Amino acid sequence: MNNQAEKLRAFLESQQVEFRLLPHQSPTVSIEETAKQRNVCPSQMVKSMVLRDMSNRYALACTAGDTQIDPKKVRAILNWRRMTCVATEQLYDITGYAVGTITPLLLKNPMPIIFDESLSTCSEVTISSGSPMAGIAININDLEYLAKPIWAKIKKADQ
């Protein structure tokens with residue numbers, strides 16, 4: 001595990017939150033592949049997307065792994081101007097996490113975190129550990145307590 005993953009693990013332990021480490025056999029590139037290695041359904045996975053508005057403000061939008069985020073809905077929730085996805089090469093500097101390992105905890109820079117209501121359908125969800133070689137299973141109520149998100153409908157309408 002890398003340094004970010006160790007920090008996240010230590011943070012969860014310091015908060016006395018129960019969690020399970022879900023090791024991967026190899027790094028993954030898709031939600032489906034990751035879910036298979038973690039032995040969970042894609043709907044139990046927290047998919048995170050970093051968005052930027054025209055004033056260079058950032059937000060982290062999170063939804064179930066089998067849905068997609070609608071940036072227009074995130075913009076409306078925050079009452080910000082047009083929002084776009086942050087360029088891949090900027091993610092680490094903004095979040096402290098590499099592509100594919102972003103989690104709604106211990107972000108390098110403070111930003112609003114928005115959870116789609118689809119995440120509330122599972123009592124346990126999986127987030128990235130900060131490492132491409134493992135995920136973390138955590139109770140959704142504990143994740144909500146730690147991340148302090150805004151709950152809203154931000155997934156695309158056709159899902």
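Mentor: Start with a definition. A polar contact is a pair of N or O atoms within 3.5 Å; within protein, one must be able to donate a hydrogen and the other to accept it, and residues adjacent in sequence count only if both atoms are side-chain atoms. The model is predicted, so local features need pLDDT of at least 70 and side-chain atom pairs pLDDT 80 or more, while totals for chains, interfaces and linings use all residues. Residues are numbered from 1 along each chain as its sequence is written, and side-chain values use heavy atoms, without hydrogens and water.

Trainee: What makes Asp-70 a cap of helix 3?

Mentor: A side-chain oxygen of Asp-70 sits 3.0 Å from the backbone nitrogen of Lys-72, at the N-terminal end of helix 3 (residues 71-78). Helices (H or I, at least four residues) and strands (E, at least two) are DSSP runs, numbered from the N terminus. After helix 3 comes Asn-79, with a positive phi near 60°.

Trainee: Why is Ser-129 called buried?

Mentor: Its relative accessibility is 0%. Buried means under 20% relative accessible area, exposed over 50%, partly exposed in between (1.4 Å probe, protein chains only). So Ser-129 counts as buried. The residue lies in the loop between strand 6 (124-128) and strand 7 (134-139). Its side chain has a polar atom 3.2 Å from the backbone nitrogen of Ser-131, and one 2.8 Å from the backbone oxygen of Ala-134.

Trainee: How do you know that strand 6 and strand 7 pair?

Mentor: They are joined by 5 bridges and run antiparallel. Pairing takes at least two DSSP bridges, so they qualify. Ile-127 faces Ile-136 of strand 7.

Trainee: What makes strand 1 and strand 6 edges of the sheet?

Mentor: The open sheet has 3 strands in the order 1-7-6, paired antiparallel. Strand 1 (19-23) and strand 6 have a single partner strand each, so one side of each lacks a neighbour in the sheet. On average, neighbouring strands are turned by 30° against each other, direction ignored. Helix 1 (residues 3-14) packs on this sheet, touching strand 1, strand 6 and strand 7; touching means heavy atoms within 4.5 Å.

Trainee: How do you know the count of disulfides?

Mentor: A disulfide is a pair of cysteine sulfur atoms within 2.5 Å. The count is 0. For Cys-41, the nearest cysteine sulfur, that of Cys-122, is 7.6 Å away. For Cys-85, the nearest is that of Cys-62, at 13 Å.

Trainee: Why is Cys-85 called partly exposed?

Mentor: Its relative accessibility is 45%. That falls between 20% and 50%, so partly exposed is the term.

Key: Axes are lines fitted to C-alpha atoms, for helices over the stretch in contact, and angles run from 0 to 180 degrees between N-to-C directions.
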